[in-house]
Structures are given as C-alpha cells and as structure tokens.
Amino acid sequence: MKVPFYRHSLDASSAALVAEVIQSGFLTSGQRCSRVEERLRAIFNVSHAKLTSSWTQGAVATLLALGIGPGDEVIVPAMTFVATANVVKQVGARPVFVDVEPSTLLIDIALVKAAVTPQTKAVIPVHLYGQMVDVPALRAALPAGIKIIEDAAHCFEGRRAGRRPGSDSDAAIFSFYATKNVTCGEGGAVITNDAELAANLNETVLHGMSATAAQRFSAGRYQHWDVERLGTKANLPDLLAVLLEGQLETVDDRLEQREALARRYEESFADTPISFPTIEAGAVSARHLFAIHVPDGRRDWLMRMLNDQGIGATVNYRSVTELSLYRNDASVRRGSFPVARAWGEGTLSLPLFPTLQEAEQDYILNVLRYEILPFLDSSETEERGVAAL
Ligand SMILES: *Cc1c(COP(=O)(O)O)cnc(C)c1O
C-alpha cells in the first residue's frame, strides 16, 4: 500500500470556480478576494482581513507596515519552519531565537521575557502543529509597545480558552500553502483589529501603492496613485481566492476527522518509546501535523523504513538554529536551544489529513507496530530491521 503524506480535497467543482474567474476577465485581486476577506472577518471576529500570496509575503508586508527594519529585533522560537525567522531578516531586522517548552514545543514565555532588549519591536509566537500559544500570557510578560504577530500557519481552527488567532495579538497570519488545513495551493491571510496597521498593510502588500488594481479602474477612469512607503508584492489573485470559500464553510467538520485520526495515533503510541507533544487543558488543536519523537538517534532509520514501505513521512522541523544560515551567524548563541535541538534531531511527521482512510492508518500503525517498534531499541537496528522485511 502507498499512503501519501498529504492529499488535498479540491475537486471538479473547484475547477469550475476557477473557470468562472477566467471568464469574468478579472484575474488579480478583486471581488472574490473581498468575499473571502469578509468571511475571515466574521469567522475570527476581527475588523480587518487581507488575503496574501503566502504566509511569507503576508509577514513581510506586516513587518513593513509596522515599520520594523534595520536595527530592530524580533523574537522567534527556534522550533518552527524557517520562514518565521527568514521574514525578519528579509526586512533587515534581526531574528532573536528562544527555546521552546519540552511538553508542547511552543515558545517558552519566560525565555521570551528574558530576551527582550530596548531593540525588541515584536515577537512572533508560532502555534506549532496547531496548538495555540497562550497569547494573553505572552502579552502580560512583555513591556508595552512590543507587537505580537501570531504565526498561525498551522492554526486556522485552533482555540485556547475559547479565544482564536487574532483575538489577543496585533496581527495573526495564516498560510494556505498546498499542505495546510485550508489551502489554495499558495496563499495566506493577515487578520488584525488595528485600523492603522490594516491601512498600512493595504499599501505594503502592493509595493506601497495608494490604490489597488480594482480601485485604480473602479471609477471607469484611470486614477493616479502615489507611494509613500516601501512595500512588497503580496496580494492573492481572485483565481486562487475562489478555491478558499467552500473550505471555510467545512473546516470544522474536517477538524473532527483530523482530531479522530490524531487521537488514534496517540492511543497507539501510549506504551511505546515514541513521544508526541501534549495538548494542554483548554486548548483545541487544529491538528495540522502529527509529529512524533523517536529516541536514540533512530529517526532517520525509522523514516527510511516508513518511506520504503510506501508511507509518506517528513520532518517538521530541525531547529532553525541548526540550519547553516543561522548556525554560522555569530549572533546566534550556540547551545542555547537544547529543547528545539533535541526535538529536531528525533522528530518526524506521519500522514494526517481528513481523507486518510481507516485502512490507510491501520497500515501505517501495523508497519510501525510489527516491523519498526520491535527493532527500535536494538543495538543492531540497521541489520535486523532490514532483515525483518
Ligand atoms: C508553512 C509555514 C509558513 C510559511 O507559509 P507559506 O504560505 O508557505 O509562506 C510559515 N510558518 C509556518 C510555521 C509554516 O508551517
């Protein structure tokens, strides 16, 4: 059997929606984007939502809109996808890494507090694997004036104490990348309750221009535009936005399927050497990824075994501070991120998506139970594991 790491749920009806946009003659950001943005405002109960071409471009546009740049510091967790740190560098500011908590792998708020300097302008907490960071607690730990930008790439459906992304921060940013819980291939969104940030963001998503394409032609006559601040190019085209509308209506049903699959994995690994992050009381995880930790340096071996049996698995993530760009940066203090490093050396993610069939999950669990776990703590893992096949 072959089980892919991820299988999307777009179908022929999505293709028909794209065809409609093509026939409308207007391909870039217009009415379809506005409709999705309106739904996002309602779902997250925020005053502003902006669709973007990716999480990455949305974050660059947000940092530019907040005036963050050279000389500024932004605190990020060491355990995340590299984009969280890269966007800080892209605007000329300095990412300051802190370690994560061992049980949840979420940014350690006490360490954030200790990392604040007069140059700190923002913190980007990451809702890793779908579980929200306690944003009100993070806010309480920070001096006034430091912005909180939530990396909610994994956390469209997540909640903590009934609060959702965007409720307690300055902005939250989603990703609609190909494998995310809500997807249009490539895309993202920034939500905020800050009117000034939203106004600036409208410009920084489009080179800093004072009018969008739709506005420039809306009166039937060309209107001049100006540029007061530098922006990037971060808008999402209607062609892709149209794929999101239907998914927003069914996202909670799909979360139930994700939750059931994740619980089944958790129960199966309860009495094994495999560990996984704790979901804390009061938190509803979006269950974006099912990441496990394999002890004793056996991760790469286990990964190969799974791949050889046709099972898609991947690594989310090695500690960002172990990647050459950051490891070779003298300002990144070596040895300061033991939790992120240890997790990153032993973690791998198993297939988790709403249409994963029971028979497919059975297959994954059986391969693990009978062909991998019995050999996990053997000193001759390599030979016996292969021989057992
Ligand atoms: C996917 C991801 C991103 C980047 O999203 P893009 O839409 O691909 O730019 C950022 N942060 C995290 C945690 C992610 O998983």
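Me: What makes R229 and E203 a salt bridge?
Reply: First, a caution: this is a predicted model. The closest N and O atoms of R229 and E203 are 3.9 Å apart. The cut-off is 4 Å, so the pair counts as a salt bridge. R229 sits in the loop between helix 8 and helix 9, and E203 in helix 7, so the pair ties together parts 26 residues apart in sequence.

Me: Why is R229 called partly exposed?
Reply: Its relative accessibility is 28%. Buried means under 20% and exposed means over 50%. R229 falls in between, so partly exposed is the label.

Me: What makes D329 and K89 a salt bridge?
Reply: Their closest N and O atoms are 3.8 Å apart. That is within 4 Å, so the pair qualifies. D329 lies in the loop between helix 12 and helix 13, K89 in helix 4, and 240 residues separate them.

Me: Which residues join R287 and E259 in one salt-bridge network?
Reply: The pair itself comes first. The side chains of R287 and E259 meet at 3.0 Å, N to O. The limit is 4 Å, so this is a salt bridge. R287 is in the loop between strand 9 and strand 10 and E259 in helix 10, so parts 28 residues apart in sequence are tied together. Both residues are buried. Salt bridges with shared partners join E259, R263, E266 and R287 into one network.

Me: How many salt bridges does the structure hold?
Reply: There are 19. The count between domain 1 and domain 2 is 2.

Me: Where are the bounds of domain 1 and domain 2?
Reply: The domain assignment gives 12–247 for domain 1 and 251–383 for domain 2. Their C-alpha centres lie 27 Å apart.

Me: How do you know that domain 1 and domain 2 touch?
Reply: By contacts: 36 residues of domain 1 are in contact with 38 residues of domain 2. By area: the two domains bury about 3,100 Å² between them, 58% of it on carbon and sulfur atoms. On the domain 1 side, F97, Y129 and N181 lose the most area, together 22% of what that side buries. Strand 3 gives the most to the side of domain 1 that touches domain 2, with 4 residues. That side divides into 17 nonpolar, 11 polar and 8 charged residues.

Me: Why does T347 count as buried?
Reply: T347 has 0% relative accessibility. T347 is found in strand 11. Its contacts beyond four places in sequence include Y129, A291, I292, H293 and R299.

Me: What makes T347 and I292 a polar contact?
Reply: A polar atom of the T347 side chain lies 2.8 Å from the backbone oxygen of I292. The distance limit is 3.5 Å, so the pair is within it.

Me: Why is H8 called partly exposed?
Reply: H8 has a relative accessible area of 46%. Exposed needs over 50% and buried under 20%, so H8 is partly exposed. H8 lies in the segment before helix 1. The H8 side chain reaches the backbone nitrogen of L10 at 2.9 Å.

Note on methods
Residues numbered from 1 in each chain as written. Predicted model: local features only at pLDDT ≥ 70, side-chain atom pairs only at ≥ 80, totals over all residues. Heavy atoms only, no water. Domains from an automatic or database assignment. Contact = heavy atoms within 4.5 Å. Buried area = accessible area lost by both parts, 1.4 Å probe. Helix = DSSP H or I, 4+ residues; strand = E, 2+ residues; numbered from the N terminus. Nonpolar A, V, L, I, M, F, W, Y, C, P; charged D, E, K, R; others polar. Buried < 20%, exposed > 50% of the residue type's maximum accessible area, 1.4 Å probe, protein only. Polar contact = N/O pair within 3.5 Å; in protein donor to acceptor, adjacent residues only side chain to side chain.
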